[in-house]
Amino acid sequence: MELKEMVVLVSRSGRHLQRYNKGRRQVVGCIPYRYKDFTELSMVDEDAFEVLLISPQRKGKGLLFPKGGWEKDETIEDAAQRETVEEAGVRGEVECKLGTWYFENKSGDTAYEGHMFPLFVTEQLDSWPEKEIRERTWMNVCEARRLCQNGWMKEALELLVSRLTSQSKRTKGELYPGIERTSSGRATILPLGCRAQLLSLPLPSSTEEA
């Protein structure tokens, strides 16, 4: 096994490198998504894609998108990718930032600044650092709205839906000629770089407590 593969199977621990901004802990998360069978559905249909949610460490409290602390030795995009691999076991292309949210924990003693990104999934791992303590579930947008436990994450989801469905009514095959169908029927984009030019600019951020 290559060293790169070995490293990714271990979650970071400790907060000695944690970033803070005016006393708020900096956290970064992703909404992992993938397209369904792309040959018939248009980009204006939210049913054309699905998102990946994970269970929290404390069971029975709804679902959420992967997120965690942004550390001083990494870029914000690297942090988003790392947290998604650690918690959800998927890799992909981190796209344009969705926004920034300010919130506190339920007890009100810790303040956070949360940054959310879309992540177009290109690889799903069989083993990942938090496999034993989290479950991951692909679902449609309607289910995600109902099951996601955090209000600020739901706002980020709506921004992603708005962004993806605002594209012109053309098939994903026309928009992304690099898409190829996998043996499972899922769509996979091979060359990276062309997709970001098709996405709209990040929408304004909003504020809500968790």
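Predicted model: local features only at pLDDT ≥ 70, side-chain atom pairs only at ≥ 80, totals over all residues.

Student: How many residues of H4 are buried?

Tutor: Eleven of its 15 residues, so call H4 mostly covered. Among them are Trp 152, Met 153, Leu 157 and Arg 163.

Student: What is the general idea for reading sides of a helix?

Tutor: An α-helix has 3.6 residues a turn, so residues three or four places apart point the same way.

Student: And what span should H4 have?

Tutor: At 1.5 Å a residue, the 15 residues of H4 (residues 151-165) should span 21 Å, and the C-alpha atoms at its ends are 21 Å apart, which agrees.

Student: Which elements cover the buried residues of H2?

Tutor: They include S2, S3, S4, strand S5 (90-94), S7 and strand S8 (136-139). H2 is mostly covered too, with ten of its 13 residues buried, including Ile 76, Arg 82 and Glu 83.

Student: Is His 115 buried or exposed?

Tutor: Buried: a relative accessible area of 5% falls under the 20% cut-off. His 115 is found in strand S7 (residues 111-124). Leaving out residues up to four places away in sequence, His 115 touches Gln 26, Val 27, Val 28, Gly 29, Trp 70, Ile 76, Lys 97, Gly 99 and Thr 100.

Student: How do I describe a pair of aromatic rings?

Tutor: Give the distance of the centres and the angle of the planes. This structure holds eight aromatic pairs. Take Tyr 33 and Phe 49: their ring centres are 6.2 Å apart and their planes sit at 75 degrees, so the pair is edge-to-face. Tyr 33 lies in strand S2 and Phe 49 in strand S3, so the pair ties together parts 16 residues apart in sequence. Both residues, Tyr 33 and Phe 49, are buried. Phe 49 also pairs edge-to-face with Tyr 35, at 6.4 Å centre to centre and 85 degrees between the planes.

Student: Which residues form one aromatic cluster?

Tutor: Tyr 33, Tyr 35, Phe 49 and Phe 120. For another ring, look at Trp 138: the charged end of Arg 34 sits over it, 4.0 Å from the ring centre.

Note on methods:
Residues numbered from 1 in each chain as written. Heavy atoms only, no water. Helix = DSSP H or I, 4+ residues; strand = E, 2+ residues; numbered from the N terminus. Buried < 20%, exposed > 50% of the residue type's maximum accessible area, 1.4 Å probe, protein only. Contact = heavy atoms within 4.5 Å. Expected span 1.5 Å × (residues − 1). Phe/Tyr/Trp six-rings, centres within 6.5 Å; stacked < 30°, edge-to-face > 60°. Lys NZ or Arg CZ within 6 Å of the ring centre and 35° of its normal.
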